[in-house]
Structure formats: C-alpha cells, structure tokens
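Dear colleague,

Here is the structure I said I would pass on. My notes follow it.

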Amino acid sequence: MARSQLLLALLCLAASLGAQAAGTGGRKMVGVYELRMGDFSVKVTNWGARLMSLVLPDSKGNLADVVLGKDTIAEYVNDTSYFGPITGRVGQRISRGRFVLDGKVYHLERNDGRNTLHGGGRGFHKVIWTVKEYMPDGDSPYITFYYRSFDGEQGFPGNLDVYVTYRLSAPYTLGVHMNATALDRATPVNLLLHTYWNLGGHGSGDVLGHTLGLFASRYTVLDVDLLPSSGRVAPVAGTPFDFRAPTAIGARIRQVTGGKVVGYDANYVIDGEQERMRPVAQVQDGVSGRAVELWANQATVQLYTGNWLNNTKGKDGKVYNQYAGFTLETMGYVDAMNHPEFPSQTLLPGQEYKHDMVLKFSF
C-alpha cells in the first residue's frame, strides 16, 4: 500500500471513531460524490470538502472538465497546490503565525516560512468532513458537509461547527455556501474555496488568454510574503492590477509578482456593500466560448494565476504548468486579526459566519 493510501486509511479510521464518540451522525468515510443536472455535473469529496471537477459544454456542445485536480483521493493527501478544497479556519496567510485575541497571544503552526497559510498544515483541507445530506439529482442537487473543529486545533481557540453546501441549479449554476458557528470561545474565521479554473478544460494549456473583469476599484497592497504589512488599500487605476474593463489575464502579467514569482497573487476589495451578494468577477475563454460570472457576499477576492505550478501531475494524464489555471477566492480581508484597520473576522460565541458564492456558467 502506498504511503498516501495508508495515511488516508488511518485517517478514515480515526475519523470514524471520532464521529461515533461525538455522536455527530452522517457518513465520515472518505468518498466521491456527484451532483448532476443533465450535461452539467460536479464531483466533490469530503476529504477537505473539496471540489474535484465541474463538467459543462462549450459553444459547440463539447463537454470538458474545467477544474484542475487529481485522479484519486489518495493523491490529494500529499497535494501541496491546494487543488479545490475549503481552507480554514483562516484562509490565506496569518503574519508570523500569531494573533492576539482578548489580550491573549495565540501561536499557530507556521507552514509557510515564518507565517501560517490556509489554516496550518492540517487545516480544513486536510481533514475528513461528515456527509450530512446528499441529493445527487433532481431540480436542485446538493450535498452538505460538516466538520467540528476542536478547541486548540492548529492553535485556534474554541470549538467551531462548520457546514459547506454545494448546490446545482439551472441554468448551469453552482452555489457554494459556507457557514460556521463559534460554540464557546471567540475565534477568527475566514474560509475560502481554493479551486483552480481553466474554462478551456483542465490541462488544455494556460489561462493567459482568458478575459477577466473584476468589480474591484481597489486592491490590498501585499508585501513579498503576500501579507498586508502596511495595512494599505490602494486604487487599481493606472496599475497592472486594473481589471475593471475586461482584459486578458496575460496582458500585463509580466509586470506583477505574486510574492517571489511572476504572476498574480493579488487581493482585491470588492466594490459594493460588504455582506451583500454582489458581482465579483466575469471570466471568458474565447476559444471554447465558456464563461463564468461570480457573485459573493465577502469583502475581498484573491486572484491567483497558478504561478507555482511546474510540471505538476494532474487528472487524466495531464500535466499542469505555470498559469494552467486561475483561482478567485472570495474571503474577508487577509490577516484581518492582525490589522484593526480591517473589518473584523472574529466570531463571538453563538455568532454565525456566512459566506455565499454563486458561479453562473454560460457558453
């Protein structure tokens, strides 16, 4: 048995015993679940509450999977590219792996140099979620995953109940709904979906020719560690970060660096009132004719262009190289718990976190 398969089997056993002890109910063994509406379908897994595939037609009726990923769950166990999971408790980076809450300093696992990335090395992307509800077909197929994050997990305070629902609706719409409730202590929460998209089909080449429009007139100024160390938000006007008018992703990509490599790893402040559903982005692939419109109720969105993909083994024998996909990760402000000038991402006991995304596909 391969090491990743053995690790997965042990995790399944531990999760099963934990679910019995906690009395949470539902299915906790790792599986792959499909939602389908005609020629529109997605596959998800409860390993990391992860989106594994999304298949839809192009303008000529040809079907393709537009999500980058792996062939098997065992391959996701050792994945370091974050293909498709929900990340948390706090997505993106936390400076120095620490924050202060109610006068107490909390130290987290540092898994990105001196900082914490996507909740730590065993964040929500590396745990088995419980399948609470599953309706594979019909007028509105959906699946709901549940995870109880325990007090002290990866250094975060308090017990936290987390639910993620993936739902299909007509025509060609995917909804992703994330909810979390702090049970007994205040804690930061900032979840995100880390799916890489290529509207031409995964493994079809780079996304530099995709046209991107962002409903964002400001961006968060990030340092070389991709952290908002200055706490500054700046206008996109006159910069290569300006996608207010639809522009090819690759048009100015050589003018920007996402940390230490050329490409976008940029955080944008979404125009409009925070916590209200509003348009975030529009992306179109001129070759296939596929397009997607993203709506969400979060403050910011992280645009990442797969800068670190390099001969990365993907699905169906495909190999992903730099710029093979893009992510649009809606979320609260990066490192908000270390920046009082940003809106708070702290939940008090009994408070609920709500994060809704709607992706409307067309062709």
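The protein chain exposes about 14400 Å², and carbon and sulfur atoms supply 50% of that area. Please keep in mind that this is a predicted model.

Overall fold: the chain contains two helices and 28 strands. Its C-alpha trace spans about 50 × 45 × 40 Å along the principal axes. Of the 363 residues, 58% count as buried. Among contacts with a separation of 6 or more, 67% are between residues 24 or more positions apart.

Annotated site: an unreviewed UniProt entry lists His194 and Glu329 under "active site". The two are spread over 136 residues of sequence but cluster in space, with a largest C-alpha distance of 6.1 Å. Both His194 and Glu329 are included in the lining of the largest pocket.

His194 sits in the loop between β15 (192–193) and β16 (211–214). Its relative accessibility is 4%, so His194 counts as buried, the cut-off being under 20%. Beyond its neighbours within four places in sequence, His194 is in contact with Ser81, Tyr82, Phe83, Gly84, Pro85, Thr87, His118, Tyr304, Thr327 and Glu329.

Glu329 belongs to strand β26 (residues 327–331). Glu329 is buried too, with a relative accessible area of 0%. Leaving out residues up to four places away in sequence, Glu329 touches several residues, including Gln92, Leu192, Leu193, Thr300, Val301 and Gln302. His118 and Tyr304 are in contact with His194 and also with Glu329.

Regards

Technical notes:
Residues are numbered from 1 along each chain as its sequence is written. This is a predicted model: local features need pLDDT of at least 70, side-chain atom pairs count only at pLDDT 80 or more; totals for chains, interfaces and linings use all residues. Side-chain values use heavy atoms; hydrogens and water are left out. UniProt positions are given in the numbering used here, feature names are shortened, and annotations may be inferred rather than shown by experiment. On a 1 Å grid over the protein atoms alone, a cavity is a set of points where a 1.4 Å probe fits but cannot get out, and a pocket is an open set with protein on both sides within 12 Å along at least five of seven lines; lining residues have an atom within 4 Å of a point. Helices (H or I, at least four residues) and strands (E, at least two) are DSSP runs, numbered from the N terminus. Buried means under 20% relative accessible area, exposed over 50%, partly exposed in between (1.4 Å probe, protein chains only). Contact means heavy atoms within 4.5 Å. Accessible areas come from the Shrake-Rupley method with a 1.4 Å probe; for residues, only the protein chains shown count as cover.
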